[in-house]
Amino acid sequence: MTSKQLSQLQGLKKEIKMHQERITELKALAEIKSSVITGMPISKSISDKIGFSVIKIISMKDTLSRLCDELTSYIENVDDPIVRMILTYRYVNNYSWQKTAFKIGGGNKVSGLKKRLYRYFKKENNKTRP
């Protein structure tokens, strides 16, 4: 896992929320279209397009949710509690480095937390290489 991958966590959460809002909009549109009675035969193409869009969005949302779960699971399985707190505050809660240092406390400074995190990533990266 890298800091770049973890940085995607906030974006993924926003994207999931965006897709959820779009699904709600499409469902509302489908209900409006299906409740209109004009006495004329209604083409199924509009509701088919809406249904297809909802299915596609739900599929994308599920994929994003899985990736989000993977990143969260990675953070939960970090052995070092300080690194786990850094990852949680910085990437899950999207705190600035300054606020992360303040929340962790103990006289920790931003530069020290960054060094600790990047050393952790380097150590983990070396473990995965043969």
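**View 1. N94 in the loop between α3 and α4****.** With a relative accessible area of 37%, N94 is partly exposed (buried is under 20% relative accessible area, exposed over 50%, partly exposed in between; 1.4 Å probe, protein chains only). The model is predicted, with local features requiring pLDDT of at least 70 and side-chain atom pairs counted only at pLDDT 80 or more, while totals for chains, interfaces and linings use all residues. Residues are numbered from 1 along each chain as its sequence is written, and side-chain values use heavy atoms, leaving out hydrogens and water. N94 sits in the loop that joins α3 to α4. Its phi is near 60 degrees, a positive value in a residue that is not glycine.

**View 2. The chain as background for the other views.** Read from the N terminus, the order is α-α-α-α-α. Of its 130 residues, 26% are buried. Among contacts with a separation of 6 or more, 61% join residues 24 or more positions apart (a contact means heavy atoms within 4.5 Å). The chain exposes about 9200 Å², of which carbon and sulfur atoms supply 55% (Shrake-Rupley areas, 1.4 Å probe).

**View 3. The crossing of α3 and α4****.** The axes of α3 (residues 81-92) and α4 (residues 97-104) come within 9 Å and cross at roughly 135 degrees (axes are lines fitted to C-alpha atoms over the stretch in contact, with angles from 0 to 180 degrees between N-to-C directions). The two helices are therefore oblique to each other (under 35 degrees is roughly parallel, over 145 roughly antiparallel, 65 to 115 roughly perpendicular, the rest oblique). The crossing is right-handed (the near helix is turned clockwise from the far one by less than a right angle). From α3, the residues I82, M85, I86, Y89, R90 and Y91 meet W97, T100, K103 and I104 of α4. By class, this contact has seven nonpolar, one polar and two charged residues (Ala, Val, Leu, Ile, Met, Phe, Trp, Tyr, Cys and Pro are nonpolar; Asp, Glu, Lys and Arg are charged; the others, Gly among them, are polar).

**View 4. K103 on helix α4****.** K103 has a relative accessible area of 41% and is partly exposed. Beyond its neighbours within four places in sequence, K103 is in contact with Y89 and Y95. The C-alpha atoms of K103 and M85 are 9.0 Å apart, and the two residues are separated by 18 residues along the chain.

**View 5. V78 between α2 and α3****.** V78 belongs to the loop between α2 (45-76) and α3. Its relative accessibility is 2%, so V78 counts as buried. Outside the four places on either side in sequence, V78 contacts V83, R84, L87 and Y120. V78 and Y120 lie 42 residues apart along the chain, with 9.7 Å between their C-alpha atoms.

**View 6. E76 in helix α2****.** E76 counts as exposed, because its relative accessibility is 56%. From E76 to L87, 11 residues away in sequence, the C-alpha to C-alpha distance is 9.3 Å.

**View 7. H19 in helix α1****.** Helix α1 spans residues 3-35 and includes H19. At 7% relative accessibility, H19 counts as buried. Apart from neighbours within four places in sequence, H19 contacts I57, M60, K61 and L64.

How values were computed. Helix = DSSP H or I, 4+ residues; strand = E, 2+ residues; numbered from the N terminus.
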